[in-house]
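Look at the structure first, then read on.

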Amino acid sequence: MPSTTPASLVRGGRRVFVVGVGMTHFDKPGRRTDVDYPDYALEAATKALLDANLTYDDIQYAVCGYCFGDSTCGQRSLYQLGMTQIPIINVNNNCSTGSTALFTARNAVASGQVDCALALGFEKMAPGSLGSAWTDRTNPTDWSVTAMAELRGFENSPVTAQLFGNAGLEYIEQNGGPLEAMDYIASKSHMHSTLNPYSQFKQPASLEQVHNARKIFGPLTLLHCSPTSDGSACAVVASEDFVVKHGLGAQAIEILAQVLVTDSTKPVDPAGVGKLSCVESVGVDMARRGARDLYAATGLKPSDINVVELHDCFSANELVTYDALGLCEPGKAAEYAASGATFHPKFWKGPEPARRTVVNPSGGLISKGHPLGATGIAQCCELTWQLRGWAGERQVPNASKALQHNLGLGGAAVMTIYSRPAGSVVSAAATPDPRQRFGYNPAQEHRTVTEADVRRVMSRDGSLLGTPLALKDDVKARLATGTSGTPSKPRL
């Protein structure tokens, strides 16, 4: 196996920039019976196009990610904005589906196939813990569950909670450190989410509240676990020439490097020498490989990263991923979690850490929510807003470099380094600040889209919704109703 992915694959050919982002509020499944996946998708895509000052006619290629839905749901979602005969690809890569869509769209631009592409993720999920939709065929994660069961047994509790909970336990047993490190991680996520208008849960939770919540498995209580969610997120990516031509330099955020990594043999012990590991079974070696590739391709070090959106499906996964990303010394993740180094300074009252890298200022999956197809693109939205300096009270001070980690068991990890841009895109004449087009700051306030918003961005030739000059009456009524964005009730 090569020690790193070739830099040409990680950095791509041409420079690629995020020029527009948008997302919906993330909702508890079943809370909004009047909203379907096309409604969520329409809101997110409309916002991303408004942000980029583009219309759907400018989009040359689209990739849609979702896990719960029939074939071609992506077409059904985007046909609301136009039926322009562009390629539309639908992807499913478990919990990394959204960032897989972004990875695919970015590669289309980097390779020179197109100059502007759109990545859309959405989900309409079922309440309760994740389970398999297909019980009459092999589960794609059977090998990781088997390895865990051989090592630590199997209980009557959610399978994913057992996988990640056992990984956290194994990490601390092997490396030491306080078990309550996972309480710090979960409490941090709940604190951070209070400042995110898109979060499914916006209630703070202390260490005691996290620790004493309803037990799910081992050290994991309900407040250590991400919920299932409904929602959507969207990003528009473009080439350097496109950014300059359209005057988008002031808002463009560069994708310095991006990699999609799959599993190594570490989780399966193919030689049969008895080296199975719960930590390895949840994709930690994908994170190691991805981080190594990103740092090698960019010349950056972990200390150059200011802000991270990390796939905290459970607090235990954030714990075992810290040193895989190089954020702390190997084996020291528990002490690192308890040191306050990953907290936004607004929420840390203890001694000042030697170096601070804020992790999940959005509230992460634990509190913001986890609609599988949208999660990776929602991470992109947050990091784009952070690097633009738009995030208000949750803004990470002096953020210039950001790291994204999005994991899907089975497995795939998509990891990305973003940066404020340099060069020609900065010096190019700029369009007005996108916040003027919105009439508000979308990083700090959630609003639904209006009839005028949709008409502004849809294809001039029309769509399933009508034409820019005449939307259908039922569409007008639905847009006039909007969605409340009211957060779900506390989980305490």
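## Helix α6 against helix α12

Helix α6 (residues 159–175) packs against helix α12 (residues 315–322). Their axes lie 8 Å apart, at an angle of about 40°. Axes are lines fitted to C-alpha atoms, for helices over the stretch in contact, and angles run from 0 to 180 degrees between N-to-C directions. The two helices are therefore oblique to each other. Angles under 35 degrees count as roughly parallel, over 145 as roughly antiparallel, 65 to 115 as roughly perpendicular, and the rest as oblique. The crossing of α6 and α12 is left-handed. That term means the near helix is turned anticlockwise from the far one by less than a right angle; clockwise is right-handed.

Which residues of α6 and α12 make the contact? From α6 come F164, G165, A167, G168, Y171 and I172. From α12 come A316, N317, L319 and V320. Contact means heavy atoms within 4.5 Å. By class, this contact of α6 with α12 has seven nonpolar, three polar and no charged residues. Ala, Val, Leu, Ile, Met, Phe, Trp, Tyr, Cys and Pro count as nonpolar, Asp, Glu, Lys and Arg as charged, and the others, Gly among them, as polar.

This is a predicted model: local features need pLDDT of at least 70, side-chain atom pairs count only at pLDDT 80 or more, and totals for chains, interfaces and linings use all residues. Residues are numbered from 1 along each chain as its sequence is written, and side-chain values use heavy atoms, with hydrogens and water left out.

## Helix α7 against helix α12

The axes of α7 and α12 cross at roughly 110° and come within 9 Å. That makes α7 roughly perpendicular to α12. Their crossing is right-handed. On the α7 side, A181, M182, I185, A186, K188 and S189 make the contact. On the α12 side, the residues are S315, A316, E318, L319 and Y322. By class, the contact of α7 with α12 has seven nonpolar, two polar and two charged residues.

## V284

V284 is found in helix α11 (residues 284–298). It counts as buried, at 3% relative accessibility. Buried means under 20% relative accessible area, exposed over 50%, partly exposed in between (1.4 Å probe, protein chains only). V284 and V320 are 36 residues apart in sequence, yet 7.1 Å apart in space, C-alpha to C-alpha.

## Q200

Q200 sits in the loop between α7 (181–193) and α8 (207–212). Q200 is buried, with a relative accessible area of 1%.

Definitions and conventions:
Helices (H or I, at least four residues) and strands (E, at least two) are DSSP runs, numbered from the N terminus.
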